[in-house]
Amino acid sequence: AAGQKWTATSATASDFQDAAGTLVKLATTTLGSNTATIVLDSTYITSTYLNYLVIFNLKPETDNQGLSLRISLSGTFKTGGSDYGQGGYQDGGTDENDNSINNIELTNGSGVGNASGENVSGHLFLYGIASASWRTKVAFNINKDAQDGAHGLFMGGAQVNSPEVNDGIKFYFDNDDILSGSQATLYGINQ
């Protein structure tokens, strides 16, 4: 059964038990053509799980694009000037903190390259996204190739600035499409 595993319950018996602390793969989106966004919506992000993990490998159609994330409320992505707060640390010792922004900047505004082998990869944890008891939190670790092929790192955390039930996420590059072959996988987390 979903969310369960076959477990020995004694020396001579076994049955299905809840699988605590496991990841349940919910969806993988692999682009067959260039598109403006990758969206993981309320089809997958539901009250079944409080927390989620997303792993992604994305490439912009053109060089030097920043990668951003938005979160939805009742299917509408939040775009207000103070909908999000974010803090992070970038390679080279640069840090930032802003509590009045209209998106979550996963590459801290710096560009991702699109030459052969260049892309942005990372993972993010979504905490409490399905609960109105607290604000949705996002922890992320991002590795990218800059437009000159040099490695870049950005890690940090963000939040939706209102306690609410959120139900979707959207990846997008600042000024261009996400290239065909890019991929994002969503997992629900059993605690």
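Let me start with a term: a residue is buried when its relative accessible area is under 20%, exposed when over 50%, and partly exposed in between, using a 1.4 Å probe and protein chains only. By that rule F154 is buried, with a relative accessible area of 2%.

Now the ground rules. This is a predicted model, where local features need pLDDT of at least 70, side-chain atom pairs count only at pLDDT 80 or more, and totals for chains, interfaces and linings use all residues. Residues are numbered from 1 along each chain as its sequence is written, and side-chain values use heavy atoms, with hydrogens and water left out.

The overview. The protein has 15 strands and zero helices. Strands are DSSP runs of E, at least two residues; helices are runs of H or I, at least four; both are numbered from the N terminus. Of the 191 residues, 43% are buried. Next, contacts, meaning heavy atoms within 4.5 Å. Take those with a separation of 6 or more: 71% join residues 24 or more positions apart.

On to the sheet. Which order do the strands take in the open sheet of eight? It runs β3-β15-β5-β11-β12-β13-β8-β9, with antiparallel pairing. Two strands pair if DSSP finds at least two bridges between them. β3 (23-30) and β9 (94-101) stand at the edges. Each has a single partner strand, so one side of each lacks a neighbour in the sheet. From one strand to the next, the twist averages 15°. Axes here are lines fitted to C-alpha atoms, for helices over the stretch in contact, and angles run from 0 to 180 degrees between N-to-C directions. β3 and β15 (residues 183-189) run antiparallel and are joined by seven bridges. T28 has T185 in β15 as its bridge partner.

Now the core. A nonpolar core is a set of buried Ala, Val, Leu, Ile, Met, Phe, Trp, Tyr and Cys residues joined through side-chain atoms within 4.5 Å. The largest one has 35 residues. Those with the most contacts inside it are V54, F56, L106, L124, I169 and F171. Strand β5 (residues 52-58) gives the most to this core: four residues. What does L106 touch, leaving out residues up to four places away in sequence? Its contacts are F56, L67, S68, L69, L124, F140, I142, F154 and F171.

Aromatics next. The whole structure holds four aromatic pairs. Rings of Phe, Tyr and Trp (its six-membered ring) pair if their centres lie within 6.5 Å; planes under 30 degrees apart are stacked, over 60 edge-to-face, the rest tilted. F56 and F171 make a tilted pair, 4.9 Å centre to centre with 50° between the planes. F56 sits in β5 and F171 in β14 (residues 168-173), 115 residues apart. F56 is buried at 1% relative accessible area, and F171 is buried at 0%. F140 and F154 are another pair, with ring centres 5.5 Å apart and planes at 40°, so this one is tilted. F140 lies in β12 (residues 135-145) and F154 in β13 (residues 151-163), so the pair ties together parts 14 residues apart in sequence. F140 also counts as buried, at 5%.

Last stop, L73 in strand β6 (residues 67-73). Is L73 buried, exposed or partly exposed? Partly exposed, because its relative accessible area is 31%. Its C-alpha is separated by 6.8 Å from that of V165, 92 residues apart along the chain. Not counting residues up to four places away in sequence, L73 touches K78, E164, V165, N166 and D167.
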